[in-house]
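Please examine the structure shown below. The paragraphs that follow lead the reader through it step by step.

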Amino acid sequence: MQILNIENLKMYFLTLRGWVKAVDDVSFTLEKGDTLGLAGESGCGKTSTALCVLRLLPRNGKIFGGTINFEGKDILKLGEHELRREIRWKKISTIFQGAMNALHPTTKVGDQIIESITAHENVSKKEAKKRAESLLDLVGMGASRIDRYPHELSGGMKQRVMIAMSLACNPDLVIADEPTTALDVIIEAQVLKVMQDLQHKLNLTMILISHDLSMIAETCNKVAIMYAGKIVEQGDTASLYKEPLHPYTQKLVTAFPSIIGPKKELSSIHGFPPDLLNPPPGCRFHPRCNYAMEICRKVEPPTVFIGNKNHGVACHLISGEKS
Amino acid sequence: MTESIIKAEHLTKHFPIKTSFFKTLLSKQTPVVHAVDDISFEIGAEEIFGLVGESGCGKTTTGKLLLRLIQPTSGKIYFKGKNITNLTDQEMRKTRQKIQVIFQDPYESLNPRMSIYDIISEPVHVQKAARSLEEIKDKITKVMEDMDLVPPEEFLYRFPHELSGGQRQRVAIARAFILQPQFIVADEPVSMLDASIRSEVAKLILSLVEKFHISFLYITHDIALSRYMCNRIAVMYLGKIVERGPTDDVIQHPFHPYTEALIAAVPVPDPTVKRTEIVLKGEIPSAVNPPSGCRFHTRCMYAQDICKKEEPPLVESGNRYFACYFPLRKL
């Protein structure tokens, strides 16, 4: 069952120097139970795309077009009140970046979870507390920690509270924005394990935003690679890692060191991502691409779907070959 | 390893914790954080020695101790055979020409109000290492070319905010290299950079070692990257070195259960690989009251009675060292 369908989404930020094209013509779909990894370097528009889905844009961000179809409703057409009553947190919730600072420092973690339940649902405080306790159990923290303040908890525990809170109203879609950055490897492994278990137990649909392709390889069944506000390649995790088609993905996949298997040369990309105020014409990756052709500098490559129709790539090398 | 460039012997650093005046009167001992506890290692010429561990295990403190930015509680540091532990600031200043540092975050380690020229030339001024302006300019041009910051004129009069993260880190490396040091402490030099740029800077560091015959102390939490960077690594846990040896040996055949867990926790960039699952319970205990005996026993799945009582000594096996009573494989 299709749960989320984003088509041609465009979102720009107004700055003093002009419009920054943070999300430019992004399309993807999510089926129930999918985990989509949204990957890319900093500033490529991963978080902005997620904020559009929740309609939590800062004031200078404006959506210029496209549709976000969530369970048959276009989120972009809903009124603020309806969005708040019906969608946000109840249907779509999020685990914010930097959980360490996302919790209120002078409120007990239990009360913060209870608040998020009572704000969205008509339940008594007692009932909400019961649910908060079972949520803390669910994320492996134990209900006994319900009366703790955030400063009494370690980073990994705070992250678990954030996960519990995102599940407070049984959402259909959870957006996790860099849920494990700033955590140590061992704690990261613990938190990822909790998330994977929950996903199996509750059949959650998730969008996982991360710059770490190793982490996405382990947790997601679908990947979308973003570069400079566009999705350059998307598909099943297995096929995309095995046979990356876009030159950017090819470099990115092999830029991560692996601890097992033979030592392979790490790839790197010269230059740096473009300024989104004036993105380069044609393919946005062409100034850094080793295979750039004349057409890449002029014409924007369309996304073509190949193979089992799930693997999409926006590159002239591929579309040219096809035609 | 022919000649050791830097050598640490039983290096220890305890940070006292501030308590109230009355508590100090009442108790005999002030509590201390055992940041680094009795560690020893040697770094040879042209060697990259990795220090790996979770945050709070004492990696950075060790780096600062070697740089003499903080004074060790006990233990000795030798630089090219000379004891530099108790040198005065003035004597140390001369040695510092040869010992430099690269910090983690190039967004914070460069003064935003100084131009690239000022930043890179500052060590030359401080050390009075050039006689004329021409000489300074020559040095800067050369070091910038070595760092791939070309053409140098394009960067000299710009400010840090005008550069990308990768370029900034190159400037930070250029600043460390301009005095032609023999030993560099690199504290997570690439962890703040994006993946595509990270490997570029990592490769730059490797090529510099080859070209200028420098030794590195490479501090990192990323054991997967240490495989590409380091000749030997030491794994730290709560202020102690628990295992030490050639990088590939340690990663492929770890002796210490902590090393094994640390390696198992690293995600693999290949969806077809299922890694062995060893997820440690709990978190690093407090360094104020570290556990008795082996400091890892509270989280170790092989722990027995002796581990709680007595601290395991560092055992030597060939070129490997480890501190564990029940190593994962036979010697």
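In this predicted model, 36 residues of chain A are in contact with 34 residues of chain B. On the side of chain A that touches chain B, the elements that give two or more residues are helix H7 (185-202), helix H8 (213-219), helix H9 (237-242) and helix H10 (247-253) of chain A. The largest share comes from H7(A), with seven residues. Sorted by class, the residues on this side of chain A comprise 19 nonpolar, 10 polar and seven charged.

Attention may now turn to chain A as a whole. Chain A contains 12 helices and 12 strands. Its radius of gyration is 20 Å, close to the 20 Å that the globule rule gives for 323 residues, so chain A is as compact as a globular protein of that length. Taken along the principal axes, the box filled by the C-alpha atoms of chain A is roughly 65 × 50 × 40 Å. Of the 323 residues in chain A, 45% are buried. The contacts may also be considered by separation along the sequence: among contacts in chain A between residues at least 6 apart, 62% join residues at least 24 apart.

Within chain A, one pair of helices can be followed in detail. Helix H4 (residues 109-120) and helix H5 (residues 125-138) of chain A pack with their axes 9 Å apart, at an angle of about 120°. The crossing in which H4(A) passes H5(A) is right-handed. From H4(A), the residues that take part are Gly110(A), Ile113(A), Ile114(A), Ile117(A) and Thr118(A), and they meet Lys125(A), Ala128(A), Lys129(A), Arg131(A), Ala132(A) and Leu135(A) in H5(A). By class, this contact of H4(A) with H5(A) has six nonpolar, two polar and three charged residues.

Val250(B) lies in helix H10 (residues 247-252) of chain B. Is Val250(B) buried or exposed? A residue counts as buried if 20 or more other C-beta atoms lie within 10 Å of its own; Val250(B) has 28 other C-beta atoms within 10 Å and is therefore buried. When residues up to four places away in sequence are not counted, Val250(B) touches Ile233(B), Glu243(B), Gly245(B) and Thr259(B). Val250(B) and Val235(B), which are 15 residues apart in sequence, are 9.2 Å apart in space, C-alpha to C-alpha.

Definitions and conventions. Residues numbered from 1 in each chain as written. Chains lettered and ligands numbered in written order. Predicted model: local features only at pLDDT ≥ 70, side-chain atom pairs only at ≥ 80, totals over all residues. Axes fitted to C-alpha atoms, helices over the stretch in contact; angles between N-to-C directions. Helix = DSSP H or I, 4+ residues; strand = E, 2+ residues; numbered from the N terminus. Left-handed = near helix turned anticlockwise from the far one by under 90°. Contact = placed C-beta atoms within 7 Å. Nonpolar A, V, L, I, M, F, W, Y, C, P; charged D, E, K, R; others polar. Rg over C-alpha atoms; globule rule 2.2 N^0.38 Å. Buried ≥ 20, exposed ≤ 12 C-beta atoms within 10 Å, placed from the backbone.
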